[in-house]
Amino acid sequence: MGVVRGLLVPFGLWNDWALAAARVIALAALGAMVVVILTQVFFRYVLNDALPWPDEAARFLMLWMTGLAAPTAFRHGGFVAIDMVRTLLPATVAGVLNLILLAMSLTVLLVGAQLGWTHVNSGWLFNSSSLRLPLDMVGGEPVRIKLAWMYLSLFTGMVLLTVVNVELILREVLCLAGEAARLPSYARSDVPEAE
């Protein structure tokens with residue numbers, strides 16, 4: 001179990017740091033998304049002149065917010081779960097079931113990361129229909145944003161979820177070995193947990 005404990009430490013430290021940074025960026029994306037949506041509402045309903053870019057910009061920001069916030073929710077039990085069967089089982093059997101479910105999740109996440117990377121690579125071929133960097137405001141030409149930047153949110157989220165999943169697997173193995181009391185606690189966040 002020393003090897004598993006030795007592997008858990010770097011995964012835990014990485015997740016503490018990376019997920020804290022991801023939460024800050026996700027909150028910034030959420031704030032920007034609110035501003036973009038309110039801008040569109042103002043232009044559409046007050047000025048009666050809808051802008052072409054806010055809808056796509058809001059989707060772009062929502063994808064990044066989700067990809068960066070989901071790993072923290074996963075780590076802290078913030079996803080909705082049906083745990084009725086687990087509560088009826090003995091602790092060891094429930095732990096084995098949880099380990100099996102985490103292994104299945106790892107498989108899905110690895111496939112998702114692979115698909116996300118494929119989308120990123122194909123996204124360099126296509127431009128966003130309405131998002132542009134307005135370099136014409138400073139004397140340059142406007143630059144259309146590549147869809148790969150949007151697709152990168154899927155890949156990033158899958159990679160972060162995969163690393164969290166590995167940490168949860170290591171923690172579950174140590175719990176099954178009777179070392180639950182000696183597990184290092186990870187940094188708590190303000191993410192509410194599922195009930």
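1. Glu167 and Arg75 are both buried. This holds for a predicted model. For Arg75 the relative accessibility is 4%, so the residue falls under the 20% limit for buried.

2. Glu167 and Arg75 also form a salt bridge. Their closest N and O atoms are 2.9 Å apart. Glu167 sits in helix H5 and Arg75 in helix H2, so this contact ties together parts 92 residues apart in sequence.

3. Asp16 forms a salt bridge with Arg75, with 2.8 Å between the closest N and O atoms. This pair, too, links distant parts of the chain: Asp16 belongs to helix H1 (residues 2-46), Arg75 to helix H2 (residues 54-75), and 59 residues separate them. Asp16 is partly exposed, at 25% relative accessible area, whereas Arg75 is buried.

4. Now take these two contacts together. Through shared partners, salt bridges join Asp16, Arg75 and Glu167 into one network. Arg75 takes part in the bridge to Asp16 and in the bridge to Glu167.

5. How many salt bridges does the count come to? Three.

6. Next, the aromatic rings. A search of the whole structure finds four aromatic pairs. One of them joins Phe42 and Phe43 in an edge-to-face arrangement, 5.8 Å centre to centre, with 85° between the planes. Edge-to-face applies because 85° is over 60 degrees. Phe42 is partly exposed at 41% relative accessibility. Phe43 is partly exposed as well, with a relative accessible area of 26%.

7. Trp117 and Phe155 also pair. Their ring centres are 5.0 Å apart and their planes meet at 50°, so the pair is tilted. Trp117 is in helix H4 (residues 91-123) and Phe155 in helix H5 (residues 148-176); the two are 38 residues apart, and their pair links distant parts of the chain. Trp117 is partly exposed, with 42% relative accessible area.

Notes:
Residues are numbered from 1 along each chain as its sequence is written. This is a predicted model: local features need pLDDT of at least 70, side-chain atom pairs count only at pLDDT 80 or more; totals for chains, interfaces and linings use all residues. Side-chain values use heavy atoms; hydrogens and water are left out. Rings of Phe, Tyr and Trp (its six-membered ring) pair if their centres lie within 6.5 Å; planes under 30 degrees apart count as stacked, over 60 as edge-to-face and the rest as tilted. Buried means under 20% relative accessible area, exposed over 50%, partly exposed in between (1.4 Å probe, protein chains only). Helices (H or I, at least four residues) and strands (E, at least two) are DSSP runs, numbered from the N terminus. A salt bridge is a side-chain nitrogen of Lys or Arg within 4 Å of a carboxyl oxygen of Asp or Glu.
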